[in-house]
Amino acid sequence: MKRRNFLQLSALSVGSTLSSNSSGQDPLDSQEIKQVERANVAAIDRRPIPSSGESLPVIGLGTWQTFDVGAEPEQRAELSNVLKSLIAGGGSVIDSSPMYGRSETVVGELAEQAGLQDDLFYATKVWTRGQQAGIKQMQRSKLRMRTSQMDLMQVHNLLDAERHLETLTKWKQQDLIRYVGITHYHTGGYAEMAALMQQYPLDFIQINYSMLSREAEQELLPLAQERKIAVLINRPYEGGELFARVKETELPSWASEFDCSSWGQFFLKFILANPAVTCVIPGTSKVHHLLDNLSAGRGKLPTQQHREDMLAFMPS
Ligand SMILES: NC(=O)c1ccc[n+]([C@@H]2O[C@H](COP(=O)([O-])OP(=O)(O)OC[C@H]3O[C@@H](n4cnc5c(N)ncnc54)[C@H](OP(=O)(O)O)[C@@H]3O)[C@@H](O)[C@H]2O)c1
């Protein structure tokens, strides 16, 4: 069993950040610790990966741009606390890519320093052309993320997908990776993605889906359910654009009917209300945003009527 009980871990990780500073990171400040402790009152929901039955927490963490930082202690400290809070709050999925600059390395180093390696579900990608170049890149990612086994390896933006899927199928048989996936981030990739979903025994797809970009509802999400493929959702906030839309708008009072107390939770709960979705991976570099995101994984979800009201309520 790779994961420890997260409540046990949360006591451990929060305690250790309070009492020691062996990793050289700043401890969480007391307000943030209280937030993490409160966050542990209830676990976040989990959903099964259809191909194995293993369950995953419904909220994960993306690393594009946010984890592409240097070695400066100030930059690293907050990201370390983001990782600790992810685990303390019941999350585990972290998504990276060799395309994201230093992110894989930063994730690997911070997870090792904090002793979180056994608690993370590591997802990264292959993003190059050619079989040998792909193999080399994936081996490098494993070293950079400092994990003995990559949980999920995905073909980034379908680049040279058929060639890499051959390698990944073999790697899964050899236990070098646990799951195989493909990713894209806009509708331009959907037709090819649907074809690959029909052709290969994929464990995961990763696609964009948000209150503003709902095209995945047409074909990909139903197809994932039919083919029993787990779904990670990227760009749930449209890179942050959704928050700009509601800057002048108050959260409607009826959001409390589905245990929602922030715009972040509003946007994420809309996505999680779709049963084809396994896990949403918003990117953040801030502990308070991470905790807000995790809160979307607790409590009630919007009904179909709520979802229609949510869409109608969004400022254009
Ligand atoms: N083709 C692909 O495979 C592909 C493509 C795109 C993305 N992805 C993956 O998907 C992940 C998510 O997408 P994304 O990072 O592009 O966009 P996103 O998750 O839609 O938005 C990230 C932005 O939202 C802000 N944010 C996060 N939580 C917030 C909260 N609770 N309240 C207010 N602001 C919040 C973040 O800023 P702060 O740092 O200030 O919190 C950041 O600017 C990526 O990190 C990456 O891992 C994969």
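Helices (H or I, at least four residues) and strands (E, at least two residues) are DSSP runs, numbered from the N terminus. The model shown here is predicted: local features need pLDDT of at least 70, side-chain atom pairs count only at pLDDT 80 or more, and totals for chains, interfaces and linings use all residues. Residues are numbered from 1 along each chain as its sequence is written.

**View 1. The whole chain.** The chain's secondary structure comes to twelve helices and ten strands. Buried residues make up 47% of its 316 residues. A residue is buried if 20 or more other C-beta atoms lie within 10 Å of its own, exposed if 12 or fewer, and partly exposed in between; C-beta atoms are placed from the backbone. Two residues are in contact if their C-beta atoms, placed from the backbone, lie within 7 Å. Take the contacts between residues at least 6 apart in sequence: 79% of them join residues at least 24 apart.

**View 2. The largest nonpolar core.** A nonpolar core is a set of buried Ala, Val, Leu, Ile, Met, Phe, Trp, Tyr and Cys residues joined through C-beta atoms within 7 Å. The largest one here has 80 residues. Leu83, Ile205, Val231, Ile233 and Val280 have the most contacts inside it. Leu83 touches Leu110, Ala111, Ala114 and Leu116, leaving aside residues up to four places away in sequence. In soluble globular proteins, nonpolar side chains tend to be buried together.

**View 3. The shell around the ligand.** A residue is near a molecule or strand if its C-beta atom, placed from the backbone, lies within 6 Å of it. The ligand is surrounded by 29 residues. Gly62, Asn234, Tyr237, Gly264 and Gly283 are the closest. The shell divides into seven nonpolar, 17 polar and five charged residues. Here Ala, Val, Leu, Ile, Met, Phe, Trp, Tyr, Cys and Pro count as nonpolar, Asp, Glu, Lys and Arg as charged, and the others, Gly among them, as polar. H11 gives the largest share of the shell, three residues.

**View 4. Helices H10 and H11.** Helix H10 spans residues 263–272, and nine of its ten residues are buried, so H10 is largely enclosed by the rest of the structure. The buried residues are Gly264, Gln265, Phe266, Phe267, Leu268, Lys269, Phe270, Ile271 and Leu272. They pack against strand E9 (230–234), helix H9 (241–245), strand E10 (279–280), H11 and helix H12 (304–313). Helix H11 (residues 287–295) is mostly covered, with seven of its nine residues buried. Those seven are Val287, Leu290, Leu291, Asp292, Asn293, Leu294 and Ser295.

**View 5. Helix H4 against helix H5.** Helix H4 (residues 103–114) packs on helix H5 (residues 131–145) at an angle of about 40°, with their axes 7 Å apart. That makes H4 oblique to H5. On the H4 side, Glu104, Thr105, Val107 and Gly108 make the contact; on the H5 side, Ser141, Arg144 and Met145 do. These residues divide into two nonpolar, three polar and two charged. Axes are lines fitted to C-alpha atoms, for helices over the stretch in contact, and angles run from 0 to 180 degrees between N-to-C directions. Angles under 35 degrees count as roughly parallel, over 145 as roughly antiparallel, 65 to 115 as roughly perpendicular and the rest as oblique.

**View 6. Two buried loop residues.** Gly89 sits in the loop between helix H3 (73–88) and strand E4 (93–95). Gly89 counts as buried because it has 26 C-beta neighbours inside 10 Å. Gly89 and Ile44 are 45 residues apart in sequence, yet 7.3 Å apart in space, C-alpha to C-alpha. Ser210 lies in the loop between strand E8 (204–208) and helix H8 (220–226). Ser210 is buried because 21 other C-beta atoms lie within 10 Å. Its C-alpha atom is separated by 4.9 Å from that of Pro236, 26 residues apart along the chain. Not counting residues up to four places away in sequence, Ser210 touches Arg235, Pro236, Tyr237, Glu238, Leu242, Phe267 and Ile271.

View 7. Asp160 is not a glycine, although its phi is positive, about 55°. Asp160 is found in the loop between strand E6 (150–155) and helix H6 (161–173). With 17 C-beta neighbours inside 10 Å, Asp160 counts as partly exposed. Lys228, also a residue other than glycine, has a positive phi near 55°. The loop between H8 and E9 holds Lys228. Lys228 is partly exposed, with 13 other C-beta atoms within 10 Å.
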